[in-house]
Amino acid sequence: MSTTNTNSGSGTGKRVISFHYTLTNTQGEVIDTSRDSEQPFSFLEGTGQIIPGLEKPMALLSVGDKRKIEVEAVDAYGEHNAELIVEVPRTKLPNADELSEGDQFQATGPNNEMLLFRVIEIKGEDVKLDGNHPLAGEKLFFDVEVIQMRDATHEEVAHGHAHGEGGHHH
Ligand SMILES: [Zn+2]
């Protein structure tokens with residue numbers, strides 16, 4: 001096997017990108033923003049830390065760039081899946097006596113994947129659950145500003161996330 005090192009020095013070939021964002025839905029409602037905190041959000045490229053529809057266009061930006069990025073549901077949190085709305089007897093759930101709408105808990109989905117289910121309706125002894133991401137089926141609108149781009153450290157690549165400001169602290 002031959003390798004060609006096109007990087008100078010001992011770079012990891014991955015970057016940590018820090019950015020501020022405001023996320024709105026099609027109704028123009030703000031769903032989330034990093035502007036509430038002093039620090040921008042930081043992520044390590046290529047690890048799925050942010051949705052693909054945002055990571056791809058962001059990778060092409062430069063520090064200081066401000067952009068509006070529209071992301072279709074399929075490139076965000078996926079299309080809404082009606083099969084993930086299920087009704088189960090209340091007694092099958094943890095804390096059966098203290099359930100309320102909006103409660104969330106992990107359970108296995110139809111393909112044995114771990115999903116976060118939300119209680120969307122309580123009907124007597126039955127409970128209606130939704131395993132879709134709350135933003136499934138939604139087209140998303142991001143207003144982003146790139147604050148910093150730097151080479152990831154080997155430790156960050158090994159951990160699979162960004163360290164420092166706006167990243168993991170440990
Ligand atoms: Zn770490």
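**Zinc site and antiparallel sheet of the predicted model**

Along the chain, the donors of the zinc ion follow the spacing H-x1-H-x1-H-x6-H. The structure is a predicted model, in which local features need pLDDT of at least 70 and side-chain atom pairs count only at pLDDT 80 or more, whereas totals for chains, interfaces and linings use all residues. Residues are numbered from 1 along each chain as its sequence is written, and side-chain values use heavy atoms, with hydrogens and water left out.

The protein donors are His-159 (ND1), His-161 (NE2), His-163 (NE2) and His-170 (NE2), which lie 2.0 to 2.2 Å from the zinc ion; donors are N, O and S atoms within 2.8 Å of the metal (3.2 Å for Na, K and Ca), and sites may look incomplete, as water is not among the atoms. The angles among the 4 donor atoms are 98 to 124°, and the site is tetrahedral, a term applied to four donors if all angles lie between 85 and 135 degrees.

Glu-156 belongs to helix H2 (residues 154-159), helices being DSSP runs of H or I with at least four residues and strands runs of E with at least two, numbered from the N terminus. Glu-156 counts as buried, with 2% relative accessibility, and its side chain makes a polar contact of 2.8 Å with the side chain of Arg-150. A polar atom of the Glu-156 side chain also lies 2.7 Å from the backbone nitrogen of the zinc ligand His-163. A polar contact is a pair of N or O atoms within 3.5 Å; within protein, one must be able to donate a hydrogen and the other to accept it, and residues adjacent in sequence count only if both atoms are side-chain atoms.

An open sheet of 4 strands shows the order S5-S8-S7-S6 with antiparallel pairing, where two strands pair if DSSP finds at least two bridges between them. Strands S5 (85-89) and S6 (104-108) stand at the edges with a single partner strand each, so that one side of each is left without a neighbour in the sheet. S6 is joined by 5 bridges to the antiparallel strand S7 (residues 114-123), with Gln-104 having Arg-118 as its bridge partner and Gln-106 standing opposite Leu-116. S6 and S7 form a hairpin with 5 residues between them, and Asn-112 in the turn has a positive phi of about 65°.

Terms used
Four donors count as tetrahedral if all angles lie between 85 and 135 degrees; four count as square planar and six as octahedral if opposite donors are over 155 degrees apart and all others between 65 and 115; anything else is irregular. Buried means under 20% relative accessible area, exposed over 50%, partly exposed in between (1.4 Å probe, protein chains only).
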